[in-house]
Amino acid sequence: MAKIIDGKTISQQIKDELKEKVAALKAEGTEIALAVIQVGTDPASTVYVGNKKKACEYVGIRSESYELPEETTQEELLQLIDTLNHKDSVYGILVQLPLPEHIQEDMVIRAIAPEKDVDGFHPQSVGALSIGQKGFVSCTPAGIIQLLKRSGVEIEGKECVVIGRSNIVGKPMALLLLRENGTVTVTHSKTKDLRSVCKRADILVVAIGKPKMIDASYVKEGAVVIDVGVHRNENRKLCGDVDFESVEPIASAITPVPGGVGPMTIAMLMYNCVQAVEIRKG
Ligand code: NAP
């Protein structure tokens, strides 16, 4: 029986710690505001944005909402970002992805001032992470490090295998595990014999985007398994990239879906908003 790594409880701890910090900053005269930009009315994005605003309210961060119509031009969006870059009261700028097809995401990400890049997607933030300098870290992988540390999982010296090499999860995850002195292998769709590579892992992070693909045949007895995937199955129930029922009996610890990695992403966004105060101070 694996220990269940409880993302709900750990994310709540983090938000409570941040709440205290935010209150202390307020008492010193610093009020943190996060600008949240949504273009269009994609229902999933609306839910994510709503959850982020709720978390802001809980922690004591003021959220400034910019709900733009689907037909907003790239120029108009870049103009808004430029205005927010120069607005002192705004510490973080978040543009909810995905954007409508006529807007180039990478142009928008680059337009955000690096010191307000609380999503950690700007090339400067990614570069800082890769050379071990201070900066914003992408929220989902940063949350996974917190899950591991706060569950007492030692990373140093461990064989860590990451399935997936996306810019927002797989790659920064690998860099963070490396920073923690793990021995890291990154796998992807062209990896030969994925099963045997995964079987080496003491810590297996699965960010593949394929419902329940990773079953017990990919997992070493006693491994720690982190499931980043989020899907709805045919009964509209949430499931991950890991086949929980198959893997749980042989893992030493595992994250559930829901209630594992998911809640950590927003908690780490709040963490990054607080970090923005320090980053601005230099
Ligand atoms: P993504 O951009 O689609 O990347 C998926 C990665 O998996 C790619 O690198 C791909 O390889 C690799 N892959 C696909 N099929 C594979 C296979 N058969 N064998 C080995 N590797 C394979 O996805 P993502 O944005 O990283 O997200 C991954 C999952 O996490 C999704 O389910 C997403 O919804 C979820 N997610 C959750 C959160 C959260 O807060 N919980 C946050 C972000 C993402 P190639 O590079 O070769 O194509």
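Visitor: Where is P98 found?
Guide: P98 is found in the loop between strand β4 (90-95) and helix α4 (105-111); helices (H or I, at least four residues) and strands (E, at least two) are DSSP runs, numbered from the N terminus. The model is predicted: local features need pLDDT of at least 70 and side-chain atom pairs pLDDT 80 or more, while totals for chains, interfaces and linings use all residues. Residues are numbered from 1 along each chain as its sequence is written, and side-chain values use heavy atoms, without hydrogens or water.

Visitor: What kind of peptide bond joins L97 and P98?
Guide: L97 and P98 are joined by a cis peptide bond, with omega about 0°.

Visitor: And which residue does a cis bond join to P258?
Guide: That residue is V257, and omega of the cis bond is about 0°. P258 itself lies in the loop between β11 (253-254) and α10.

Visitor: Next, the backbone angles. What is the phi of N181?
Guide: N181 has a positive phi of about 70°, although it is not a glycine. N181 follows α7 and is found in the loop between α7 and β6.

Visitor: How exposed is N181?
Guide: N181 is partly exposed, with a relative accessible area of 46%. Here, buried means under 20% relative accessible area, exposed over 50% and partly exposed in between (1.4 Å probe, protein chains only).

Visitor: What about D193? Where does it sit?
Guide: D193 is found in the loop between β6 and α8 (194-199). D193 is a residue other than glycine with a positive phi, near 50°, and at a relative accessible area of 52% it is exposed.

Visitor: Back to α7: which of its residues are buried?
Guide: In helix α7 (residues 170-179), the buried residues are G170, P172, M173, A174, L176 and L177. An α-helix has 3.6 residues a turn, so residues three or four places apart point the same way.

Visitor: Now salt bridges. How many does the rule count?
Guide: The count comes to seven salt bridges, each being a side-chain nitrogen of Lys or Arg within 4 Å of a carboxyl oxygen of Asp or Glu.

Visitor: Which residue does E17 pair with?
Guide: E17 forms a salt bridge with R150, and their closest N and O atoms are 2.9 Å apart. E17 lies in helix α1 (residues 7-27) and R150 in helix α6, so the pair ties together parts that are 133 residues apart in sequence. E17 is partly exposed at 40% relative accessibility, and R150 is partly exposed at 33%.

Visitor: What does K53 meet?
Guide: The side chain of K53 meets that of E67 in a salt bridge (3.2 Å, N to O). K53 belongs to helix α2 (residues 43-59) and E67 to strand β3 (residues 62-68), so this pair links parts that are 14 residues apart in sequence. K53 counts as partly exposed at 21% relative accessibility, whereas E67 counts as exposed at 58%.

Visitor: And D202? Which partner does it have?
Guide: D202 and K220 meet through their side chains in a salt bridge (2.7 Å, N to O). D202 lies in the loop between α8 and β7 and K220 in the loop between β7 and β8 (224-227), so the pair ties together parts that are 18 residues apart in sequence.

Visitor: Which residues form a network?
Guide: Salt bridges link E31, R62, E64 and K87 in a network.

Visitor: Finally, how is the chain divided?
Guide: The chain is divided into domain 1 (27-129 + 263-281) and domain 2 (139-261), with bounds from an automatic or database domain assignment. Their C-alpha centres lie 27 Å apart.

Visitor: How many salt bridges are there between domain 1 and domain 2?
Guide: The count is zero salt bridges between domain 1 and domain 2. On the side of domain 1 that touches domain 2, the largest share, six residues, comes from helix α10 (residues 262-281).
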